[in-house]
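Subject: Structure for you to look at

Hello,

Here is the structure I said I would pass on. Please open it and keep it beside this message while you read.

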Amino acid sequence: MGNGFPRFCWIVLSWILIVSIQQVQLSEPQAAAVGCDYFQGSWVFDKTYPLYNTMDCPFIEKEFDCQANGRPDQLYLKYRWKPNDCMLPRFNAKDLLRKLKGKKMMFIGDSLSLNQWQSLTCMLHAFLPQSNYTVHREGNLSTFYLPEYEVSLMLSRNAFLADIVQENIGTVLKLDSIKNGESWKGYDFLIFNTWHWWLHTGRKQPWDFIESRGKVKKDMDRMAAYREALRTWSKWVDSNVNTTTTQVFFQGISPTHFNGKEWNGTKATTCTHQIRPATDLTYESGPPPEVMIVKEVLKNMSTPVVLLDITRLSQLRKDGHPSIYTGLKGNDCSHWCLAGVPDTWNEILYAILTSRKT
């Protein structure tokens with residue numbers, strides 16, 4: 001009896017452990033379907049990635065195709081985002097296209113919106129390589145169309161969301177005006193983004209004056225201007241979007257990697273020659289202040305807007321930028337290589353879209 005009791009205990013403990021593991025395995029997909037914080041986690045190596053080969057995506061922007069531009073390493077292509085408390089479902093293009101069949105999605109924003117739109121078009125094209133797709137650009141509007149599913153993915157290039165108007169005094173950024181919003185109506189999904197251009201000065205600044213609350217100024221505090229423009233945008237959404245037919249997203253702030261102090265490097269260190277992601281232990285820098293402005297504005301809206309809160313997961317990817325492999329001069333630590341980090345943004349978008357009832 002004395003010798004048998006420990007063995008019996010081990011049998012019982014083993015049975016409990018097996019049942020617990022099974023419960024965990026069952027609960028993860030359910031958590032993903034019911035609700036999950038997809039945005040807190042870590043990057044793990046996965047040899048099955050990337051989700052597509054840019055050589056097979058004929059319409060990819062040259063600046064994003066880092067491999068074609070001579071980037072020698074490929075490790076950055078092999079990372080998958082793993083949330084802490086649940087499972088992020090693997091991207092299933094057929095499943096997403098069934099959800100989007102006959103519908104129109106518009107990305108509205110700056111070149112980071114282009115990055116995400118381009119990523120999603122490549123992800124879908126990889127599933128339907130023989131598709132009679134069309135890619136068309138007219139002015140600031142690009143359209144990717146898949147006739148097999150009657151799906152349209154649009155990109156409206158609009159760096160500030162607020163209006164930029166040519167007047168007698170010069171080009172004016174009007175923080176309280178969104179007349180261009182008329183072109184955003186009639187879509188099933190709207191994915192907004194703005195931040196990348198708000199701190200630009202000198203020749204990179206695309207306006208001469210800024211108009212705030214009826215007063216024209218040569219310049220003003222850029223964070224205050226950003227907040228004011230976002231509030232104008234939020235009022236436009238609250239007044240013009242019918243949530244029974246249109247779902248609204250906001251692409252969170254995409255970080256840059258020009259200062260190595262953010263990940264325990266030197267200030268002179270940038271994204272160039274970075275080949276591995278950071279971790280929460282090595283990347284101690286918190287969210288930039290513009291993130292809090294976005295969350296504050298969204299919190300005060302009457303229209304439900306889904307925030308793709310991609311800042312932290314992207315902060316960890318100091319290795320994911322084109323850097324010197326854009327085919328152009330300079331060091332790009334703002335945009336992202338494709339395949340790469342924006343694919344994860346779209347995997348999360350897919351998870352959110354397919355977990356909700358049509």
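Which strands does helix α4 lie across? Helix α4, residues 222-240, lies across β9 (189-192), β12 (247-251) and β13. Its direction makes an angle of about 170 degrees with β12. Please keep in mind that this is a predicted model.

Helix α7 (residues 341-354) lies across β3 (104-109), β9, β12 and β13. Relative to β12, helix α7 runs at about 155 degrees.

Seven strands make up an open sheet, and their order is β4-β5-β6-β3-β9-β12-β13. The pairing in this sheet is mixed. At the edges stand β4 (134-138) and β13 (305-308); each has a single partner strand, so one side of each has no neighbour in the sheet. From one strand to the next, the twist averages 20 degrees.

Strand β5 covers residues 141-146 and pairs with β4 in the antiparallel sense, over five bridges. In this pair, E138 stands opposite L141 in β5.

There is also a sheet of four strands. This sheet is open too, with the order β7-β8-β10-β11 and mixed pairing. Which strands stand at its edges? They are β7 (163-167) and β11 (215-217), and because each has a single partner strand, one side of each is left without a neighbour in the sheet. Here the twist averages 30 degrees from one strand to the next.

β7 pairs with strand β8 (residues 170-174) over five bridges, in the antiparallel sense. I164 stands opposite L173 in β8.

The last item is a pair of helices. Two packed helices are described by the angle between their axes and by the distance between the axes. For helix α2 (residues 93-100) and helix α3 (residues 111-127), the axes come within 9 Å and cross at roughly 110 degrees. Angles from 65 to 115 degrees count as roughly perpendicular, and α2 and α3 are therefore roughly perpendicular to each other. On the α2 side the contact is made by A93, K94, L96 and L97, and on the α3 side by L120, M123, L124 and F127. Sorted by class, this contact has seven nonpolar residues, one charged residue and no polar ones.

Regards

Notes: Residues numbered from 1 in each chain as written. Predicted model: local features only at pLDDT ≥ 70, side-chain atom pairs only at ≥ 80, totals over all residues. Heavy atoms only, no water. Pairing = 2+ DSSP bridges. Helix = DSSP H or I, 4+ residues; strand = E, 2+ residues; numbered from the N terminus. Axes fitted to C-alpha atoms, helices over the stretch in contact; angles between N-to-C directions. Contact = heavy atoms within 4.5 Å. Parallel < 35°, antiparallel > 145°, perpendicular 65-115°, else oblique. Nonpolar A, V, L, I, M, F, W, Y, C, P; charged D, E, K, R; others polar.
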